[in-house]
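Reader: Please show me the model, and then let us go through its features one at a time.

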Amino acid sequence: MLAYIYRDIMSMVRFLPYGLAMGLLLAALFLGTVNSIRKRRGTAPVPKLPVAAFVIYLSLMIIITFLSRESGGSEGFDLELFSTWGINDRNNAFVIENILLFVPYGFLAPAAFRRYRHFLRCLALGAMTSLCIETMQLITGRGIFQIDDILTNTLGAVIGFLAYWGFMLLFAGKRRRHTRGNAS
């Protein structure tokens, strides 16, 4: 199973330059537009690095899940829950890959946007993003609409969200210890 995961990840590396280029362009447009609007309103600008990282990752995700596939290769619905796990190593690898794909998404969303620092909002964002991807794959014939994919993508977003909060708690703890050490 690990060999499948490694092979699949390595096959996506060739799309990295396209995702980065598209992501950088979209991030520049998004940040420029949003921050100019916020400046006119007299509100603080959005944080550039986390927002840019989120937009770049979203671009990479779209390329991986949508544009890297040939049209017409697989079509239809699979609405049976847990239908992909346990069949064979190949399918199990797909399940793990779907989880891994959304872990950075669940980490970067709350880092970039304060409203997604709430568990249910981040969970809903991950589920809605996955639903949109699955729907577009179905419409274009670039994949099968699978309930399992939505579930595993959402699980990945939740894991990413928990990692974000773990990181924030760790960082806050180190900051408090450093501040206390300097006050002595």
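Author: Let us begin with a term: a polar contact is a pair of N or O atoms within 3.5 Å; within protein, one atom must be able to donate a hydrogen and the other to accept it, and residues adjacent in sequence count only if both atoms are side-chain atoms. In this predicted model, local features need pLDDT of at least 70 and side-chain atom pairs count only at pLDDT 80 or more, while totals for chains, interfaces and linings use all residues. Residues are numbered from 1 along each chain as its sequence is written, and side-chain values use heavy atoms, with hydrogens and water left out.

Reader: Which backbone oxygen lies 2.4 Å from a polar atom of the side chain of Gln137?

Author: That backbone oxygen belongs to Thr65. Gln137 itself is part of helix α5. Helices are DSSP runs of H or I with at least four residues, strands are runs of E with at least two, and both are numbered from the N terminus.

Reader: Is Gln137 buried or exposed?

Author: Gln137 is buried, at a relative accessible area of 2%. Buried means under 20% relative accessible area, exposed means over 50%, and partly exposed lies in between, using a 1.4 Å probe and protein chains only.

Reader: Staying with α5, which of its residues are buried?

Author: They are Cys122, Leu125, Gly126, Thr129, Ser130, Ile133, Glu134 and Gln137. These residues line one face of α5, because they fall within an arc of 160° when seen down the helix axis; the arc is that of the directions from the axis to the C-beta atoms. Leu120 and Ile139, on the other side of α5, are exposed.

Reader: How far apart are the end C-alpha atoms of α5?

Author: They are 32 Å apart, which agrees with the 32 Å that the 22 residues of α5 (residues 119-140) should span. The expected span is 1.5 Å times one less than the number of residues. After α5 comes Gly141, with a positive phi near 75°.

Reader: How many disulfides are there?

Author: There are zero disulfides, a disulfide being a pair of cysteine sulfur atoms within 2.5 Å. For Cys122, the nearest cysteine sulfur is that of Cys132, 15 Å away, which is too far for a bond. Cys122 is buried, at 3% relative accessible area, whereas Cys132 is partly exposed at 46%.

Reader: Moving to the aromatics, how many pairs does the count come to?

Author: The count comes to twelve aromatic pairs. Rings of Phe, Tyr and Trp (its six-membered ring) pair if their centres lie within 6.5 Å; planes under 30 degrees apart are stacked, those over 60 are edge-to-face, and the rest are tilted. One of the pairs is Phe102 with Tyr105, which is edge-to-face at 5.3 Å centre to centre and 65° between the planes.

Reader: Why are Phe102 and Tyr105 separated by about one helical turn?

Author: Because they are three residues apart in helix α4 (residues 89-112). Both count as buried, Phe102 at 0% and Tyr105 at 3%. Another edge-to-face pair is formed by Phe107 and Tyr164, with 5.7 Å between the centres and 80° between the planes. Phe107 is in α4 and Tyr164 in helix α6 (residues 147-183), so this pair ties together parts that are 57 residues apart in sequence.

Reader: And which of the two is buried, and which is partly exposed?

Author: Phe107 is partly exposed at 27%, and Tyr164 is buried at 5%.

Reader: What does the side chain of Asp8 make a polar contact with?

Author: The partner is the side chain of Arg90, at 2.2 Å. Asp8 lies in helix α1 (residues 2-12) and counts as buried at 18% relative accessibility. Leaving out residues up to four places away in sequence, Asp8 touches Arg90, Phe94 and Glu97, where contact means heavy atoms within 4.5 Å.

Reader: Last topic: where is Phe82?

Author: Phe82 is in the loop between β1 (77-78) and α4. Its phi is positive, near 65°, and Phe82 counts as exposed at 57% relative accessibility. Most residues other than glycine have a negative phi. Leu79 also sits in the loop between β1 and α4, is in contact with Phe145 and Ile147 beyond its neighbours within four places in sequence, and is exposed at 57%.
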